[in-house]
Amino acid sequence: MIRLLEARGIAKRFGGVQALSDVSLSINKGEIYGLIGPNGAGKTTFFNVLTGAYVADQGEFIFAGAELPRGKPHEVVARGIARTFQNIRLFRDMTALENVMAGHHIRMKANVWGILTQNRATREEERLATLRAYELLKYVGIERYADTISKNLSYGDQRRLEIARALATEPQLLALDEPAAGMNATETGQLRTLIETIRNDGVTVLLIEHDVKLVMGLCDRVAVLDFGKKIAEDVPAVVQRDTAVIEAYLGGAHHAH
Amino acid sequence: METLLQQIVNGLVVGSVYSLVALGYTMVYGILGLINFAHGDVMMIGALVALQAILFAQKMWPSLGPLALVGIGLVVSIPTCMLLGYVVERTAYRRLRNAPRLAPLITAIGVSFLLQTLAMIIWGRGYHSFPQLISTVPMQPIEGVFVTPVQITTLLVSAGLMAALLLVVNKTPLGRAMRATAENHRVASLMGVDANKIIAITFIIGSALAAIAGVMVASNYGIAHYTMGFLPGLKAFTAAVLGGIGNIGGAMLGGIVLGLVESIGAGYIETWSFGFLNSSYQDIFAFIILGAVLIFRPTGLLGERVADRA
């Protein structure tokens, strides 16, 4: 197995809250890796530190053999990590197609000069990018809405569009932040198929999810965060029986009684 | 009737210059939520640098034709202003990007004072006459309506630049990245757009347009001066607000509408006020419009609801 991402001792503090403390984990190439935990456990913070939106207080990420730049999101994207958001954050006033093409920006070579003169290389690149964007919309199943302004898409389609936009950056690792949030059973089923397809097409997937059934059915391995600490990491069947995990998920409820 | 037609022609010319400058305000606001009050002064620097270059060229090569001289003025002043816009963004605004909004706003006013003072030190306090390189001899396409070649040039160049800008913003990868950054620069950078670079390019494009507008204003009035950026800057800002600040089409529309209102108002203010006011009070109209827009339609003519921006 080839190790794609390794997090080493990641720590992040916000004022008095230790959002992440000494989190280490590693993700292998080609797997679907789940990151679960109760609300406020630090999952999204982990995503934000990984993608460069926040700078970690301590620790480092080794991705495909080299350390990731800190606090430079677009360079992290260039290295091959793309993400979606828990609360959908599309470019709301752009069409679905334009959203995907914006995601492809980092892979395009056109410079200001080429754009102003509209030389052949620039036009050819734009044509290929348009084709590629259509393909990605088809891939996630919303090609018929290519010219729809993205804020007018249905909730489920907006989630799919976010995935298409992330895939347009040509990632090695796709990080999905609660992609099934707010979806009904049918939509969740379709999402599951989509994530499996993405993995089979060679993209490693990191998944934050609340839907335990989805995570347990889909993921090869799962890590559990609680109060910013990793309390378990293993295959789903083992994690499900882990007493610390059960305590983390149900413990609060027990104390409440 | 001739008066009305004449004022419409004047209004279109003045308005197209307002539009060009308003674009700089609106593009920066769209991306950063910052009102760059120094933008009018970039225009002033553009005019004065062009003047300097033209005077120098006249001395060096006295045989040059007027069009070549205008060309030299633009070729020197456009890159100077682009560099200036970049330096201002890089040194004054970038480090304040996540500061409360009042901080960059006050910094912008500070930059405006700084540029005016610098210009005063370099070019002095006096008015400089700007050579009338494009003819200002009026033509009469319709009986009683006068248009000068410099006005026609101004109108055509502005229209061309605006069309080009619309194409770049709506049809190219650069424009897509600009629109993505304008919607949310954090998300854009998480999707691989280098937001710092796009913001710098936005300032550079706006400053280039301001440099051209500066040369137009100076050619139209035949005068350049270190405070010449203040009033047109304020009016262009009004135009941007009128059109819906942050909206590129709005800035163009707002500039034209403001220019028309101002010209037509100036043409008739004497009649309307029974001779009490004359056309030198024309500036009143811009600020009546600014007040009215802020009271009755703060989002401007084409602006959208901005409540969900935060």
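Chain A is assigned two domains: domain 1 (1-80 + 172-257) and domain 2 (92-170). These bounds come from an automatic or database domain assignment. The model is predicted: local features need pLDDT of at least 70, side-chain atom pairs count only at pLDDT 80 or more, and totals for chains, interfaces and linings use all residues. Residues are numbered from 1 along each chain as its sequence is written, and chains are lettered from A and ligands numbered from 1 in the order in which they are written.

**Between the domains**

- The C-alpha centres of domain 1 and domain 2 of chain A lie 27 Å apart.
- Nine residues of domain 1 of chain A are in contact with eight residues of domain 2 of chain A (contact: C-beta atoms, placed from the backbone, within 7 Å).
- On the domain 1 side that touches domain 2, helix 2 (73-79) and helix 7 (185-200) of chain A each supply at least two residues.
- Helix 2 of chain A gives the most to that side, with three residues.
- Helices (H or I, at least four residues) and strands (E, at least two) are DSSP runs, numbered from the N terminus.

**The sheet**

- Four strands of chain A form an open sheet in the order 2-1-4-5, with antiparallel pairing (strands pair if DSSP finds at least two bridges between them).
- Strand 2 (17-28) and strand 5 (66-67) of chain A stand at the edges with a single partner strand each, so one side of each has no neighbour in the sheet.
- Strand 4 (residues 58-63) and strand 5 of chain A run antiparallel and are joined by two bridges.
- Ile62(A) has Glu67(A), in strand 5 of chain A, as its bridge partner.

Definitions and conventions. Two residues are in contact if their C-beta atoms, placed from the backbone, lie within 7 Å.
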